Amino acid sequence: MSLKDVFMQDLKTAMKEKQELRKSTITMLRAAVKQIEIDQRIELDDAAIIDIMAKQIKQKRAAIEEFARGNRQDLVDEANAEIDVLMAYMPKQLTRDEIVVLVQNIIQTTGATGIKDMGRVVASAKDASKGQADGKTLSDVVRELLK
């Protein structure tokens with residue numbers, strides 16, 4: 001079953017059970033997917049939808065920092081709850097230790113020797129992790145290992 005089908009089923013369930021936050025989050029996600037499909041005249045696969053979810057999670061995490069600076073705990077809580085809903089659809093996330101092992105293997109494979117190779121290693125790590133790791137975490141681990 002594709003992610004789009006899962007979203008539709010979960011949306012129906014959220015509506016029946018009056019789960020407003022879940023309903024609005026799934027609706028927002030479906031709208032983002034539909035917008036890209038219409039703009040680019042393509043049918044998105046699950047991998048592309050996972051990329052969209054990852055971007056939305058990243059945006060929400062950035063918004064949380066702004067909300068916290070503005071002393072808006074209500075908005076921080078809402079954004080965290082939306083992230084939780086989105087994370088339920090993401091592939092199992094790698095632990096930091098698993099990311100370190102992945103990056104070490106990529107460094108050995110690519111022959112990276114210093115920080116100048118960081119872009120190449122991060123790009124390879126993102127491809128290898130396929131939505132299972134946050135880009136910032138990948139970048140931080142690569143930076144640590146290439147020093």
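1. The protein contains 7 helices and 0 strands. The model is a predicted one. Along the sequence, the elements follow the pattern α-α-α-α-α-α-α. The C-alpha trace spans about 55 × 40 × 30 Å along the principal axes of the protein.

2. Helix 2, which covers residues 20-40, packs with helix 3 at an angle of about 125°, and their axes are 10 Å apart. The two helices are therefore oblique to each other, since an angle has to be over 145 degrees to count as roughly antiparallel. Helix 2 passes helix 3 in a right-handed crossing.

3. On the side of helix 2, this contact involves Met 28, Leu 29, Ala 32, Val 33 and Ile 36. These residues meet Ile 49, Ile 52, Met 53, Gln 56 and Lys 60 of helix 3. By class, the contact of helix 2 with helix 3 has 8 nonpolar residues, 1 polar and 1 charged.

4. Helix 3 also packs with helix 4 (residues 73-87), here at an angle of about 165° and with the axes 9 Å apart. Helix 3 and helix 4 are therefore roughly antiparallel to each other, as the limit for that description is an angle over 145 degrees. The crossing of helix 3 with helix 4 is left-handed.

5. Helix 3 contributes Met 53, Gln 56, Ile 57, Lys 60, Arg 61, Ile 64, Phe 67 and Ala 68 to its contact with helix 4. The residues of helix 4 in this contact are Leu 75, Val 76, Ala 79, Asn 80, Glu 82, Ile 83, Leu 86 and Met 87. The classes represented are 11 nonpolar, 2 polar and 3 charged residues.

6. Helix 5 (residues 96-110) and helix 7 (residues 135-146) pack at an angle of about 55°, with 10 Å between their axes. The pair is therefore oblique, because only angles under 35 degrees count as roughly parallel. Their crossing is right-handed.

7. From helix 5, Arg 96, Ile 99, Val 100, Val 103, Gln 104 and Ile 107 take part in the contact with helix 7. Their partners in helix 7 are Thr 137, Leu 138, Val 141, Val 142, Glu 144, Leu 145 and Leu 146. This contact divides into 9 nonpolar, 2 polar and 2 charged residues.

8. The largest pocket has a volume of about 710 Å³. It is lined by 25 residues, of which Ala 54, Lys 58, Ala 133, Asp 134 and Gly 135 are the closest to its centre.

9. At least two residues of the lining of the largest pocket come from each of helix 3 (46-69), helix 5, helix 6 (118-129) and helix 7. Helix 3 supplies the largest share of this lining, 8 residues. By class, the lining of the largest pocket comprises 9 nonpolar, 7 polar and 9 charged residues.

Technical notes:
Residues numbered from 1 in each chain as written. Predicted model: local features only at pLDDT ≥ 70, side-chain atom pairs only at ≥ 80, totals over all residues. Heavy atoms only, no water. Axes fitted to C-alpha atoms, helices over the stretch in contact; angles between N-to-C directions. Helix = DSSP H or I, 4+ residues; strand = E, 2+ residues; numbered from the N terminus. Parallel < 35°, antiparallel > 145°, perpendicular 65-115°, else oblique. Left-handed = near helix turned anticlockwise from the far one by under 90°. Contact = heavy atoms within 4.5 Å. Nonpolar A, V, L, I, M, F, W, Y, C, P; charged D, E, K, R; others polar. 1 Å grid on protein atoms, 1.4 Å probe; cavity = no way out; pocket = protein on both sides within 12 Å on 5 of 7 lines; lining within 4 Å. Points joined across faces, edges and corners; volume = space filled by probe spheres on them.
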